Amino acid sequence: MMTTETWKTVLQDRLPDSLAHEIDIFEGQIELKRQGKLDDKVFAETRLRRGAYGQRYDNGQRHDGLETRTLQYPSHDLTKGIDTVWDAPGMQRIKVPFGGLTPQQMDVLAEVAEEYSDAVLHVTTRQDFQLHYIHIDDTPDLMRRLAAVGITTREACGNSVRNVTCCPIAGVCREEAFDVTPYAKALAYFLLGHPDVQDLGRKFKPTFSGCKHHACGLVMMHDLGYVARVKNVDGQLQRGFAVYVGGGLGTVPHQAKLLSEFVPEEEILPIAQSIARVFARLGEKKNRSRARIKFVVAKLGIEEFIRLVYEERERLPHDERWTAYMDELPEYMEAPLKPPIPLNGHIASGDFREWQGTNVYAQREAGYSTVTVNLPLGDITATQTRALADIARKYIGDNVRTTVEQNIVLRWVSEVDLPALYAELRAIGLGAPGAGTFVDITSCPGTDTCKLGISSSRGLAGELLTRVTAKSATLPDAIKDLKIKISGCFNSCGQHHVADIGFYGNSRRRNNFTVPHFQVVLGGQWQENAGSYGLAVGTVPSKAIPEVLDAITDRYVQERDRGEKFQDWVARLGKKEMRGMLTRYMEVPPYETHPEYYTDWGDPREFTMGDLGIGECAGEVVTLFSMEIAKAESEAFEAMVALDEGDYEKADALAYHAMVLAARALVIIQYLDVGDDPDRIIEEFRTRFYDTKLFFDKYAAGKFAQYLFNRHENSHPAPDQDSAHQLIEEAQLFIEATHSCEARVSGAVTGGGRV
């Protein structure tokens, strides 16, 4: 009798029972969904919790580093805007706790990328991997193959605890308090599938840092962050952590608040569980725009939140897993493959020395180095992944990690092997210098594959990378370590808020066309664990961004005081001066003379509003809207200036008024005589645009309107820096939403075009 082997049968003895059962259940749910026996919303959350996303199919293109290539999928026409998980492949996110990898796992990742995807693995800003163009039918077998080598996709997406990130040089860092790796691993697997984290209103992102002052774990922008500390308790040195809660980027960034100066190591898991329970109980469940834990902390205040967490801790039933992992801590240590031999007397080429200067970190253990493999835009091919796995086997064994800057690091390289290692990396196209510098640009997927992408972040990143790499040999020292980070929309997946120079995608209607733009965000702080956030200073057409980058960096090099950091320079000049510098780049030239401004990077199609001969009346309304919305944008900018000057009450009032003016700019499209009274404006806005859902788009729905309604109904009694900053961010997003709404409404009137 003939039997047909499947991956399920081949791997049945190599999968943990719990994972095997979960994957079987998911496979059954796929079949139920196909038969129409499973609710769409239930299945959506189910697949998201298995890491399976729907994906955008705008133009069938992907920007791989410096190259834009068209993807060929014979069974799917990728030019038709396919929108369901059944019609076309999607994205699979793969969880990698603390970024830790082995060569065996890399081999399997390469195999599944080749067999199920487009043979490209993308490293994310959470140390995960993403595979694109994965068909939903292939996901169970893909998950089984990964599970057989200890990798899970469970809770990589959805309303769950996301990947636990960790400093990629934890354990070998010269400045850390101690190695946080085993603690990060313990938290990741303790919370994975835990009953107390199954009813969260939104995602929950934890991280670990071995020190306070470097970027490390980027603690200040996380929902839950641990910073390693050692404390003298009764004459004995005790390990523990400073614990922070309520940070986050997204549409409106919040800085994390200190929960405790010192939580002993044996308490970090129950404290995390207590925080999760408070979040699950009190977090918003209906309004997704207010459902992150940062809003719970902001609403309650940090003191009340702390009280509730420790009250919850007292109620928790004891769990042996809280401390079980600690029995192995005294023996925890990565094993180097080779002995430490210094690189004394080696005569190296200039290329090697350049690479060594940016990509090699001398570990605290003499004779060993950590090497960063620079991945342009976070991408590595399956062939390169397999070759890199072989290099790891040869030089370092299992000591591989991904990084939040979308790179890969090789730890415990014996220094004497560095020249040979460099030669082998160059041979597979992974020997580029500049890791962690100006040329190491971070970007989210943007319009290539993300349904929320507005402008092409990867396309822009590829263009900037081409330009800055071409002049890397002559880059002034002052800018070599600046961070450039790009998001395709306001959600900050590219971490633009904590970059020296950040960009996020939006669009503007100009000359009766919709034109791709990027908002310029300046002055974020990557160090101090993402110590502070930048603010937007102006929106610029996408095709003008390279010139803007040159203008900003050239002026910084020429005018900075000796030793002045970029963030301090931006603060010294002030938002008015920075915006003034950008003004000349904000104008969109006529289509007839500069048609390239009306396309996005890597996409030959035009952003058009249709036949220019139609809709003259609507054209007059657009002009009026443009005049009125400019007032709102000006008011929002003045709010930023007031924030810089420390006048938080004024900043709050201006940000609120900016939203009122933006709402009025929309209302006058339908009702010119609305007047200037905020109550009347908001009433008309609610009736004409919110209640009718004209303000809603298919991604954000009407959530940005809530920013206006909330502030109108609940003014802050004593605005402080945090609340004013947040309201300014909300005002910017509300203004962006009014632009989008006006484009949709006017497009519908004129018969329309792409908006």
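In this predicted model, helices α19 and α21 cross with a left-handed sense. The stretches involved are residues 648-670 for α19 and residues 703-713 for α21, and the two pack at an angle of about 125 degrees with their axes 10 Å apart. Angles over 145 degrees would count as roughly antiparallel and 65 to 115 as roughly perpendicular, so α19 ends up oblique to α21.

As for who touches whom, α19 brings Asp652, Ala653, Tyr656, Met659, Val660 and Ala663 to the meeting, while α21 answers with Tyr707, Leu708, Arg711 and His712. Sorted by class, that contact comes out as seven nonpolar residues, one polar and two charged.

Turning to the nonpolar cores, the largest one holds 56 residues, and the members that touch the most others are Phe208, Tyr226, Phe241, Leu259, Ile268, Ile275 and Phe305. The top contributor is α7, which puts in nine residues.

Leaving aside residues up to four places away in sequence, Ile275 touches Phe204, Leu224, Val245, Leu259, Ile293, Phe305 and Val309. Apart from this core lies another one, of 52 residues, with Tyr504, Met659, Val660 and Val667 among them. Two of those names have already come up: Met659 and Val660 are also among the α19 residues that meet α21.

Note on methods:
Residues are numbered from 1 along each chain as its sequence is written. This is a predicted model: local features need pLDDT of at least 70, side-chain atom pairs count only at pLDDT 80 or more; totals for chains, interfaces and linings use all residues. Side-chain values use heavy atoms; hydrogens and water are left out. Axes are lines fitted to C-alpha atoms, for helices over the stretch in contact, and angles run from 0 to 180 degrees between N-to-C directions. Helices (H or I, at least four residues) and strands (E, at least two) are DSSP runs, numbered from the N terminus. Angles under 35 degrees count as roughly parallel, over 145 as roughly antiparallel, 65 to 115 as roughly perpendicular and the rest as oblique. A crossing is left-handed if the near helix is turned anticlockwise from the far one by less than a right angle, and right-handed if clockwise. Contact means heavy atoms within 4.5 Å. Ala, Val, Leu, Ile, Met, Phe, Trp, Tyr, Cys and Pro count as nonpolar, Asp, Glu, Lys and Arg as charged, and the others, Gly among them, as polar. A nonpolar core is a set of buried Ala, Val, Leu, Ile, Met, Phe, Trp, Tyr and Cys residues joined through side-chain atoms within 4.5 Å. Buried means under 20% relative accessible area, exposed over 50%, partly exposed in between (1.4 Å probe, protein chains only).
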